[in-house]
Amino acid sequence: MFYRLLSVVRRQRTGRGWQNWSSGRSGASAAEAHSVALPAQAQVVICGGGIMGTSVAYHLSKMGWKDIVLLEQGRLAAGSTRFCAGILSTARHLTIEQKMADYSNKLYHQLEQETGIQTGYIRTGSVFLAQTQDRLISLKRINSRLNVIGIPSEIISPKKVAELHPLLNVHDLVGAMHVPEDAVVSSADVALALASAASQNGVQIYDRTSILHVMVKKGQVTGVETDKGQIECQYFVNCAGQWAYELGLSNEEPVSIPLHACEHFYLLTRPLETPLRSNTPTIVDADGRIYIRNWQGGILSGGFEKNPKPIFTEGKNQLEIQNLQEDWDHFEPLLSSLLRRMPDLETLEILKLVNCPETFTPDMRCIMGESPSVQGYFVLAGMNSAGLSFGGGAGRYLAEWMVHGYPSENIWELDLKRFGALQSSRTFLRHRVMEVMPLLYDLKVPRWDFQTGRQLRTSPLYDRLDAQGARWMEKHGFERPKYFVPPDKDLLALEQSKTFYKPDWFDIVESEVKCCKEAVCVIDMSSFTKFEITSTGDQALEVLQYLFSNDLDVPVGHIVHTGMLNQGGGYENDCSIARLGKRSFFMISPTDQQVHCWAWLKKHMPEDSNLLLEDVTWKYTALNLIGPRAVDVLSELSYAPMTPDHFPSLFCKEMSVGYANGIRVMSMTHTGEPGFMLYIPIEYALHVYNEVMSVGQKYGIRNAGYYALRSLRIEKFFAFWGQDLNTLTTPLECGRESRVKLEKGMDFIGRDALLQQKQNGVYKRLTMFILDDHDTDLDLWPWWGEPIYRNGQYAGKTTSSAYSYTLERHVCLGFVHNFSEDTGEEQVVTTDFINRGEYEIDIAGHRFQAKAKLYPVTSLFTHKRRKDDVELSDLHGK
Amino acid sequence: MSSTLPFWILKNSARNSIATLQGGRRFYSRCASNRNKARWRLFSQVPGSGKISVPCSDVALQKAYRHTSTEEDDFQLQLSPQQVNEVLRAGESAHKTLDLVSGVPNSVLRFESNQLAANSPVEDRRGIASCLQTNGLMFGIFDGHGGHACAQAVSERLFYYVAVSLMSQQTLEQMEGAMESMKPLLPILHWLKHPGDSIYKDVTSVHLDHLRVYWQELLDLHMEMGLNIKEALMHSFQRLDSDISLEVQAPLEDEMTRNLSLQVAFSGATACMAHVDGVHLHVANAGDCRAILGVQEDNGMWSCLPLTCDHNAWNPAELSRLKREHPESEDRTVIVDHRLLGVLMPCRAFGDVQLKWSKELQHSVLERGFDTEALNIYQFTPPHYYTPPYLTAEPEVTYHRLRPQDKFLVLASDGLWDVLGNEDVVRLVVEHLAEVGRHKPDLARRPAHLGLMQSLLLQRKAQGLHAADQNAATRLIRHAIGTNEYGEMEPERLTAMLTLPEDLARMYRDDITVTVVYFNADSIDAYYKGG
């Protein structure tokens, strides 16, 4: 393939499309561009002439930004883009990824017409095979989500598969998914076409120009230093693919872009005797770990093996990817798998085994967005070998982000800020990508935890909890207990525990939940992000009042649930703030907000030496005492009355617990259950934990984990940022009007948008669904992302779900939209609209009836407390 | 190692019975007899104290996949075959040379090297570097004894001496000019290192000063073209050894440097190095490292051409040299128990000033207030020490004009040669070449179809070829320690040898360092054809 691509590159060089490139620059051809002096300044400098860089340039120039320079260290489309297998597949696990791929598909489809450059686009469709029932479930889930965003796809029988592809052995299949509009395309040509279109729009492209480092002043990009001179610029876009990590590190203040390359192999054959038709569908046999597409009458087949070979860990790297060494022995399992799938290929002659490194990220999602530390430094890289599929859409979202300040979709799942410096170790990346690459074709089941790169951040109680049977999950590098396995109980081995049905820990979590309801449990929640904001005068209050949507001018000792909104009124962060003093505030945010929230605050806080923002996450161990007897445990340990009369709900006080002083006790539990959060200076953590456990014994105390917490919060309709809430959801859309100071006449970010929304009504509404005819033991469990149907019409998707042990039903949270039946346009969603619908949740193609609720089930709040009314209407939550 | 023992007993091979000296006798005889009684039945003897040395790379991998202590599998005491491979391959390095050196076809195709430690820390060193101011690629094996200081120093410095010796008058003048005007020097060497190799300190200032004195002397010789290779090697060896010896005698300001030079001088190292330039192969050897050439005759038969002679008591030429160099009265004492003065196995080595200096000089140097205890230096005058020096670093230099039938060169420390004969080594490398190539799909030569390829690959898999050593040096080491007394490969034995606790490993095997250099028959042919 690359032979052909090379010739294409050459042909394009001399061809018509190419010459237009440097129009306006004295007619010098782009091939000689390196001898041409670089411009002294530009608005945007894009690094990387692969599909990502050209796509960003294309979209920026389409959106009206003209002063753009694209630099490529080698030749255009010469990195992974050149060797890419050229399969465009929309069947992705995340909706945002599906949307990106769908947009790319549409873009590439018309690109040839737009630019006159042949892209080799052929709509072949693709077929995803299932060898097991579990795989079929996974495909069905993707299928229902594809359908609701308008991508046609269907689940088909093995027989139908055989009709679609003449060579397939279908005897071991249980079914398949057919996505008819998927395509194959030459990625290098797409990149060239995008580059050519961009260049016609005024983008200047220079190849053979390497960026040495990016110049930054006062946390703002000021220019780039290249081997051919400097360019001043306001924006820098790092689309350097597998070089992105090194380029990020080359900065004086490094930008951490966690990605790592692995070798990736695919096979090219000569044409079959009766050459395969060019519209023969692409086959993905994930259980066999391979993909197969038609290629010039023969086939192209590669895969994602179990034992990947990471490369370039030391960072030594080539300008363009030379053809790396082939490794037939390494490819053998994939070859065997191919011949099992297509036995007739035995006599097909091999042309070449191609080794083309691909980059992978620590969580199998691509990386885009602005650096948290350097303003104007944007990144788009780490495509986990789906660069072609994502290229168009990802480039568009990034361009929107740069031009408008935010993308038109919620891309938090892909945001660079989900990572911090803690994911930037080479060792970590090397180990993690060895797990990630096979995972591309592994079965993706709910509640999967990465096994590599663990035990990085831990609470001081880690060993104690571990010894008591804790099972761990990881968030932002922090180990958090999922649940505690009692000594007499054994769980399934990791591999066997993968299921879409009722998991093996069901009973364990049930007893933990029960203990929270009836006695008292302790959960180590140290991973939460904790900031302190203090000032010498009133600056802290002033700035927070502007940044946060709820009124923070409360008496000292009170806790406020609030959020930081963007201009559109969407949640940038959802948090609780305790007013420790007149001039100091303690802010608790979700774990993965550590980088994002810090960046947001830094960006919006004035430069004022009297205003201090400090990340104190590491300073405190957080213990959550949940349950009706928490009061007793705490009063016995502190000799202070803890009853609601003395310690009302949503109250914070520094007090001593056991021998330890200075413990911040807060009367909230993030679950709606009675209890307390203790923020303990870490050196006291073990002491306080030991005291709590020993005193708590007579009240029936036990350890609990996040699964119990999750069940408790979801059954009470507590939404969580990053799952249910994101930058595109406003407080009004999730019934949190009471958490917004709209009436108080104070300005805050997002106020205008909210006022407008209040006037016009909301277009989506967070709703709680209780599954009715769902058999917990036998039916598939909901996860998230399941389509919601209202009166048989698609109305939205779920965002999270949990089994409620109290209601003995599954509870899902999700947004209900009101799509017009005729136009599909979004219309206002009213309470009435929600209440008057019959709802169904589609789990892998099976629809379950569900009751919709806009308010939590009141019977769950068994323990009447003073602020009950507030809590109920306030739906406070984390 | 028991620290009260004189250092030279360390200079042992696993096969030779262990020399025992007063004080050490009891301890060692017990070990030796134990070993003889229960030869290679090591499992029961290895204390289950967890001191099993699991290789670090493997620990890292296990750690990477470990997420909680309770879910963790039992830590394996037995090494799996894969772990064995990881231990063996940790020291691997391989390098493919460029086809052309400044337009001339390169006679060296590629080389592969590996090292397995028995001493802790390892006392062998290796070096591979190309001369930047003259043509030629150098390969060296340095086997230290009595510590690694001397081997380290020689591995760092010897190639510089050789490279400088080979420089033309003009280059030397440039170097000298640069030094005088404090400008950056011309690069002398390009090292090709294994990442795990101890870091070569770039010539420290003192060393550079001495190197400079050396090239100044060479300048004074006014030889336009520099020394010929043979002379260069001879001079370099002896010059470096004498510099090592003089550095410690000269008063040095810096305590660090002083202590280091003392350690270097009072430990020793044998050295064997090859210099390849086109078809000209020179091998210089001092001590009992060895270099052999694997030759394939036109009829396809393989044979071995040794390029060095071991300088030890089994070498009659060395015996007669020693007898010649010392009075007749010492005939019976100069070699005792096959050891030089009863203490040292090799008869030539760098360092080891105890066997080079007069007693008086040794005393006067050591009395300058070195903390010999802390520096691990043992002042020991062997019996019958009358007419030093007994030891020399003068190398024996062999020249060989490479022919197309010369396929590879093996350089290795005595840890390998103690257990494998020259023919064994050639056979193993030849087998290696055959196996790596066997069923090796070569699409360029012969197009293959998918089914054929699959069956080839499956065959390779079944025979374990795909997992077999890619590196001939690794294969040699594997066989050196894993072959039983019947010449068969015994996996249990291999595992046992690799899991020996650090302090016992040296009883059963020596440090092994191997470098295999493959020649490019085509370019050698071209040399002959092109004249």
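Colleague: Where in chain A is A:Lys218 found?

Modeller: Keep in mind that we are looking at a predicted model. A:Lys218 is in the loop that runs between β10 (211-217) and β11 (220-226) of chain A.

Colleague: What makes the phi of A:Lys218 worth a remark?

Modeller: Most residues other than glycine have a negative phi. A:Lys218 is not a glycine, yet its phi is positive, at about 50°.

Colleague: Let's turn to chain B. How do you know whether the peptide bond from B:Pro388 to B:Pro389 is cis or trans?

Modeller: Look at omega, which is near 0° for this bond, and that makes the bond from B:Pro388 to B:Pro389 cis. Most peptide bonds are trans. If you want to find the spot, B:Pro389 sits in the loop between α10 (359-366) and β15 (396-401) of chain B.

Colleague: Which residues of α3(A) and α8(A) meet?

Modeller: From α3(A), the residues include A:Ile51, A:Ala57 and A:Tyr58, and from α8(A) they include A:Val190, A:Leu194 and A:Ala198. By class, the contact of α3(A) with α8(A) has nine nonpolar residues, four polar ones and no charged ones.

Colleague: Why is α3(B) called oblique to α15(B)?

Modeller: Helix α3 (residues 81-89) and helix α15 (residues 491-498) of chain B have axes that come within 11 Å and cross at roughly 55°. Roughly parallel needs an angle under 35 degrees and roughly perpendicular needs 65 to 115, so this value falls among the rest, which count as oblique. That is why α3(B) is oblique to α15(B). Their crossing is left-handed. B:Val84, B:Val87 and B:Leu88 of α3(B) make the contact with B:Leu494, B:Thr495 and B:Leu498 of α15(B). These divide into five nonpolar residues, one polar and no charged.

Colleague: And what makes α3(B) roughly perpendicular to α14(B)?

Modeller: α3(B) packs against helix α14 (residues 472-482) of chain B at about 115°, with the axes 10 Å apart. The roughly perpendicular class covers 65 to 115 degrees, so α3(B) is put down as roughly perpendicular to α14(B). This crossing is right-handed. On the α3(B) side, the contact involves B:Val84, B:Asn85, B:Leu88 and B:Arg89; on the α14(B) side, B:Thr474, B:Ile477, B:Arg478 and B:Ile481. The class count is four nonpolar, two polar and two charged residues.

Colleague: How many domains divide up chain A, and where do they run?

Modeller: There are domain 1 (41-81 + 188-259 + 363-421), domain 2 (118-186 + 261-360), domain 3 (462-490 + 503-528 + 617-720) and domain 4 (762-853). The centres of domain 1 and domain 4 of chain A lie 38 Å apart.

Colleague: What is the mean pLDDT of chain A, and what share of its residues reach 70 or more?

Modeller: The mean is 90, and 93% of the residues reach 70 or more.

Colleague: Where in chain A does pLDDT stay under 50?

Modeller: Over residues 1-34, with 62 contacts beyond four places in sequence, and over residues 864-878, with 53 such contacts.

Notes. Residues are numbered from 1 along each chain as its sequence is written. Chains are lettered from A and ligands numbered from 1 in the order in which they are written. This is a predicted model: local features need pLDDT of at least 70, side-chain atom pairs count only at pLDDT 80 or more; totals for chains, interfaces and linings use all residues. Side-chain values use heavy atoms; hydrogens and water are left out. Domain bounds come from an automatic or database domain assignment. Axes are lines fitted to C-alpha atoms, for helices over the stretch in contact, and angles run from 0 to 180 degrees between N-to-C directions. Helices (H or I, at least four residues) and strands (E, at least two) are DSSP runs, numbered from the N terminus. Angles under 35 degrees count as roughly parallel, over 145 as roughly antiparallel, 65 to 115 as roughly perpendicular and the rest as oblique. A crossing is left-handed if the near helix is turned anticlockwise from the far one by less than a right angle, and right-handed if clockwise. Contact means heavy atoms within 4.5 Å. Ala, Val, Leu, Ile, Met, Phe, Trp, Tyr, Cys and Pro count as nonpolar, Asp, Glu, Lys and Arg as charged, and the others, Gly among them, as polar. pLDDT is the predictor's confidence in each residue, from 0 to 100.
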